[in-house]
Amino acid sequence: MTTITDEQGQELLATANALADAAGQAILPWFRRDTLQTDNKAATGFDPVTVADRAAEEAMRAVLAERRPHDAILGEEFGASAGSSGLTWVLDPIDGTRAFLSGTPTWGVLIAVGPESGPVLGVIEQPYTGERFTGGLGIARMTGPLGPRPLHARPARPLKDAILFTTFPEVGSPPEAAAFRRLSSEAKLTRYGMDCYAYALLAAGQIDLVVEAGLQAYDIQAPMAVIRAAGGIVTDWDGGPCHMGGRVLAAANADIHAAAMAHLRSTGE
């Protein structure tokens, strides 16, 4: 088990902020540009990657090479790099590349760090709106156009009054989609397509649930750290760990988490 002292925690926080700054500086010159270079990573379908994705991860890796050379790295675009410190930085340079190339400001930079057991600190950074959501190591706060403020997930409420988000209407496999529809039919409002920004809204106390399937570690570790710091819960659909991805249920509190899990558990898979 990796023990993090207060001094080390301050260094990790400073490094996370430096990573967010570097990524934003690399990304913003490409946002809403007609000349944005886009490739398709998928053998079938459309899984885009842009020059901005690659530039942002390269910028973050350069910061880590200077500040934390002994830490491991897991990044979406350039894979895994070994380390010796027991800590791994998990990076998604642009979570929501489809949103990015469409010009919508719901994408974000995801930064997490922690041992093998999961993240101890996470940052959700939205450079275009100037918002940064930080959680872990005793911190739960955001900064943005309205100034700094603490992060608090919403208090308990009935499922019939809940706001539910997911990114893709298909959610995952047909059984997973059916389970999501059962849950959605009980919620007051369901919205789609927000990528990592939905998790930020949950941590900020605006919504109650985010449900997704087929995620990777770099999709969920930063949101997980931020939401947990704000008092929320992030597990897989059966209540187990999800820091390596898969099915994810993020909830504002234990009551709404239990209510949602009752609908999601019976996927038959």
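**Chat about a predicted model**

User: What is the relative accessible area of Leu 137?

Analyst: Leu 137 has a relative accessible area of 36%, which makes it partly exposed. Buried means under 20% relative accessible area, exposed means over 50%, and partly exposed lies in between, with a 1.4 Å probe and protein chains only.

User: What kind of model is this, and how are residues numbered?

Analyst: The model is predicted: local features need pLDDT of at least 70, side-chain atom pairs count only at pLDDT 80 or more, and totals for chains, interfaces and linings use all residues. Numbering runs from 1 along each chain as its sequence is written, and side-chain values use heavy atoms, with hydrogens and water left out.

User: Back to Leu 137. Where does it sit, and what is its phi?

Analyst: Leu 137 is in the loop between strand 8 (131-136) and strand 9 (139-143). Its phi is near 55°, a positive value in a residue other than glycine. Most residues other than glycine have a negative phi.

User: What about Val 171: buried or exposed?

Analyst: Val 171 is buried, at a relative accessible area of 8%. Its phi is also positive, about 65°, although Val 171 is not a glycine. This residue is found in the loop between strand 11 and helix 4 (174-186).

User: How many helices and strands does the protein have?

Analyst: There are 7 helices and 15 strands. These are DSSP runs numbered from the N terminus: helices are H or I with at least four residues, strands are E with at least two.

User: And how compact is the protein?

Analyst: The radius of gyration is 18 Å, close to the 18 Å that the globule rule gives for 269 residues, so the protein is as compact as a globular protein of that length. That radius is taken over C-alpha atoms, and the rule is 2.2 Å times the number of residues to the power 0.38. Buried residues make up 54% of the 269.

User: What is in the largest nonpolar core?

Analyst: That core has 34 residues, and those with the most contacts inside it are Ile 124, Phe 133, Phe 165, Tyr 199, Val 210, Ile 220 and Val 234. A nonpolar core is a set of buried Ala, Val, Leu, Ile, Met, Phe, Trp, Tyr and Cys residues joined through side-chain atoms within 4.5 Å.

User: Which helix gives the most to this core?

Analyst: Helix 5, with 8 residues. Elements that give two or more residues include helix 5 (196-203), helix 6 (217-229) and strand 15 (245-251). A second, separate core of 31 residues includes Ala 23, Ile 94, Ile 111 and Ile 139.

User: New topic: is Pro 145 buried or exposed, and what is it in contact with?

Analyst: Pro 145 is exposed, at a relative accessible area of 67%. It lies in the loop between strand 9 and strand 10 (149-150). Leaving aside neighbours within four places in sequence, Pro 145 is in contact (heavy atoms within 4.5 Å) with Thr 129, Gly 130 and Glu 131. The C-alpha atoms of Pro 145 and Thr 129 are separated by 7.5 Å, with the two residues 16 apart along the chain.

User: And Leu 151: buried or exposed?

Analyst: Leu 151 counts as buried, at 2% relative accessibility. It lies in the loop between strand 10 and strand 11. Not counting residues up to four places away in sequence, Leu 151 touches several residues, among them Phe 133, Met 142, Ala 203 and Val 226.

User: How far apart are Leu 151 and Gly 231?

Analyst: Leu 151 and Gly 231 are 8.5 Å apart in space, C-alpha to C-alpha, and 80 residues apart in sequence.
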